[in-house]
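My entries follow in the order in which I made them.

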Amino acid sequence: MRDVRSCYIHIPFCNKICSYCDFCKIFYNEEIVDKYLDELEIEINDSYQGEVLDTIYIGGGTPSSLNNKQLNKLFSIINKLNKSKDIEFTIECNFDSIDYSKLDLFKSYGINRISFGLESIGKNNLEILDRDIDKNKVIDIINYCNKIGINNINVDLMYAIKNESIDDLIRDLEFIKSLNITHVSTYSLILEEHTKLYIEGYKYIDEEIDRKMYDLICDYLSDFDHYEISNFSKNSTYRSKHNMCYWKNLEYYGFGLGSSGYEGNIRYSKTRSITKYLNHDYMMDNSLEFLKTKDKINYEIILNLRTSDGINLESFKDKYSNDLDYYYKYDNLVDEGLLKLEDNRLFIPNDLWYISNSVIVKLLEGEVNG
Amino acid sequence: MKQENIRNFCIIAHIDHGKSTLADRILEKTGAIDKRELKDQMLDSMDLERERGITIKLNAVQLTYKLNDEEYYLHLIDTPGHVDFSYEVSRSLAACEGALLVVDAAQGIEAQTLANLYLALDNDLVVIPVINKIDLPSADVEAVIGELENIGFNRDEIVLTSAKTGVGIDELLETIINKIPCPKGNKNDKLKALIFDSLFDSYRGVITSIRVVDGEVKVGDNIRMMETGAVYDVVGLSINTPKEVKVNKLSSGEVGYLYASIKSISDVHVGDTITLDDDPASIKLPGYKEMKPMVYSGLYPIESNKFEDLREALQKLKLNDAALTFEPETSKALGFGFRCGFLGLLHMEIIEERIEREFGIDLIATSPSVIYQVELTDGSMILVDSPAKMPRREVISKTLEPYVKVSVFSPSEYIGPIMELCQNKRGSFIGVDYLDEKRVTVNYDIPLSEIVYDFFDKLKSFTKGYASFDYELIGYRESNLVKMDILLNGEVVDALSVIVHKDFAYPRGRAVTEKLKEIIPRQMFEVPIQAAIGQHVIARETIKALRKDVLAKCYGGDVTRKRKLLEKQKAGKKRMKQIGSVEVPQEAFLSILSSGDK
């Protein structure tokens, strides 16, 4: 039953808290980081069952905010995990806290993919996001990555920020394209509770402009493989294998404060309280979700349909013993053009991705067998 | 029980004048319930009645009261107060010999005070005028006495009460015993019992409320319904005190409940006479004038597989609501449903709410329509109770619509706004009567369809809630009527069509399309909304296409939230009806009512 081949590890520390960020994060403090890493080691030793992993993703927070000694400690913990030969091993970094020595260290531990938080280079945007960027450093760091052989690089781009103009977005896109990287993740600014922006009463940008920006991004990156609603890779070999694991509804470990995982029939979230965590109390209260077959199927649909691959109907049947239309009828949606059926794959056409929730809800409404 | 010690009476009043509270106080005073048990408005047993503060279904209760060492049995029959239910008022009146006419000491006589008084006088009841709420700071007892004198009562027959404090209740009970005659029937005659109400109980079948006029009925008797011919054995008899008390027999003059394992709802007609099967009476009691529905609307289950459930619900409701009529109809947009006839808008709302609440069926109600008469070019006349049944314009020679005489009771300072409202509603002025120098009746002839539309709400807002009104049907008049269709995405939605006066079609079309634009959420494509008369489009709005409905980021931690979000979205669509490719929320179908005219 259990088939875990991916692992997410959360490093919840940042040197600076961005106005929009809802992830689990705390200000960097050397002593707490040390304690945290000790605890992480215990947590992983307790839960890891020896599987060979295809992807490991170190996310945050800002993992690059750790000092070299702490990074060494982190990697020594991760070294105990069994890695497959062609593992995708990603770490998230911020340009503020990265330098050549950390990159060398990553390289030495087998990191082969780096995801950088760039978000924007526009003055208006950076002010609203409470961020800063040094374009020259960006270029320099990415060049160095390529030089030492870490050449699968993602940058995050954020758009639809208040007062952002189409020209601002084009400037961001031009810059990102000039970096000659392999992957771009984009997302419109989402206002989350408990963020500075929310508390300050930030208002969303007009839906029309938001959509226009999304369409513009898709246009600009049209020579990329647009393989998921918000994700573009230079070609299909550079798709994020780790994120694909989420969207294919595959299982993954979640380690560290505020992480989430999916093992066997259970989805879970780890606590977001550092005190509880350091007291070996890892699970978030009431976070365990015990999945019945139908729940898994719903996840399968919701997640698969985010990707250009869509739902592979053959794998679906292998996994759940019945055809998809035993559970949900979709013929009418294919007729209406809301879904496409090609090569035994059912997917949402690109031009409807931005309203994919409506399409998915329509599919879920066609429920026939519980 | 001595027949000469029985008094059967009801309470009639304008809505909100304290009828149910007065009933409660009488229950308390006669020891039927003690104060501790008294929930407000004991007689109103349906949740809906208590919530809305109005009495919808009748209720009968037996009380005992000692006067001069004689024990008297008082049967109090509760009646509804709203204009829509005058039919039920007349039903309960037929079971009584007397009525308490309750008038609010602060508000004085209102439209339905008079309407109900006339009904009681028509039924030859002895009427006892009661001024209630005399404890109110705003009470003006002298003025109300004056009003009552103006309509023919003597000052000394008026009883003053405060149902809230209990003042005057003993005096009232004594007046009831002294003034209201005992029932006239003969205990030794053949059985004649009037069915004045009925309800369906899952365990006992149909339970009827009866007033025995002549003879007596016993448990085990073989009875016959004189109109339907159905024959049953009496399984049980009981009276309501207001706790149910089983009895072995009910004799002439008495009021109680009878059940006989009646499973077939259609065997029981309210107004029918029960007699003994082996010793039947020769003529049945007069029963009731059949009430004709005035307002029609289509009721459709949102989930189409609930059609049979809806039929059953309507049958059960009709059991004690003879005025409700229904027949199956089909709509292209909504599927299978029922065309239902109601006494008025409130009646319609209450039926809808009861179906949703008591039977758990989510409904779509189409906009209400009155019955039009349409004369065709071949000389024949047809009745049209639904826009769908309106013939093509080419074959119509003329159309007629029902008119009502509206009497608006109001403080005189609102004459201006009331007249303005009535003019806007296509009314023709009849006259103004002064009840005294401060209170007037404004009389107008107005098309019934305008009353159905939003007259009541408008009247309340034009007069700060001070005016009340009553109406009666006065016949049909020729009128230039057209059918206005509403098109969604180019398709006529039959359930949204309305019949309107030609001169008012344009503003109505504008108002409806604007309202629909507000109510219908954005869809995956642009949806034009058009109002049209025949091929001629008179108004248009556009619902822009949905541009964004996605969580732009979805990674490991967001997955559960994402699923919950989509499931919530799916649940939210349960109350939407798919019409062609457009998803339309339930309330859109009544938007034609609430879209205020310009």
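Before starting, I noted that two strands pair if DSSP finds at least two bridges between them. Helices (H or I, at least four residues) and strands (E, at least two) are DSSP runs, numbered from the N terminus.

The model is predicted, so I kept its limits in view: local features need pLDDT of at least 70, side-chain atom pairs count only at pLDDT 80 or more, and totals for chains, interfaces and linings use all residues. Residues are numbered from 1 along each chain as its sequence is written, chains are lettered from A and ligands numbered from 1 in the order in which they are written, and side-chain values use heavy atoms, with hydrogens and water left out.

Entry 1, strand 16 of chain B. I looked up its partners. Strand 7 (residues 192-201) of chain B pairs with strand 16 of chain B in the antiparallel sense over two bridges, and there Ala193(B) is opposite Ile274(B). Strand 10 (residues 222-225) of chain B is also antiparallel to strand 16 of chain B, with three bridges; Ile223(B) faces Leu276(B) across that pairing. I then checked the side chains of strand 16 (residues 273-276) of chain B. Thr273(B) and Thr275(B) point one way, Ile274(B) and Leu276(B) the other way, and all are buried (under 20% relative accessible area; exposed is over 50%, partly exposed in between; 1.4 Å probe, protein chains only).

Entry 2, strand 29 of chain B. Strand 27 (residues 481-488) of chain B runs antiparallel to strand 29 of chain B, and four bridges join them. Leu481(B) is opposite His501(B).

Entry 3, a sheet in chain A. Three strands make an open antiparallel sheet in the order 15-17-16. Strand 15 (311-312) and strand 16 (340-342) of chain A are the edge strands, each pairing on one side only. Two bridges link strand 15 of chain A to strand 17 (residues 345-347) of chain A, and Asn312(A) has Arg345(A) as its bridge partner.

Cys7(A) counts as buried because its relative accessibility is 0%. Cys340(B) counts as buried because its value is also 0%.

I found Arg131(A) in the loop between helix 4 (123-129) and helix 5 (135-148) of chain A. Arg131(A) is buried yet has no salt bridge (a side-chain nitrogen of Lys or Arg within 4 Å of a carboxyl oxygen of Asp or Glu). The nearest side chain of opposite charge is Glu119(A), 4.4 Å away; Lys and Arg count as positive, Asp and Glu as negative, and His and the chain ends are not counted. Contacts (heavy atoms within 4.5 Å) of Arg131(A), leaving aside neighbours within four places in sequence, include Lys16(A), Cys18(A) and Gly117(A).

Asp295(A) sits in helix 11 (residues 293-304) of chain A. Asp295(A) counts as buried because its relative accessible area is 17%. Leaving aside neighbours within four places in sequence, I found Asp295(A) in contact with Phe290(A) and with Arg563(B). The C-alpha atoms of Asp295(A) and Asn265(A) are 9.7 Å apart, with the two residues 30 apart along the chain.
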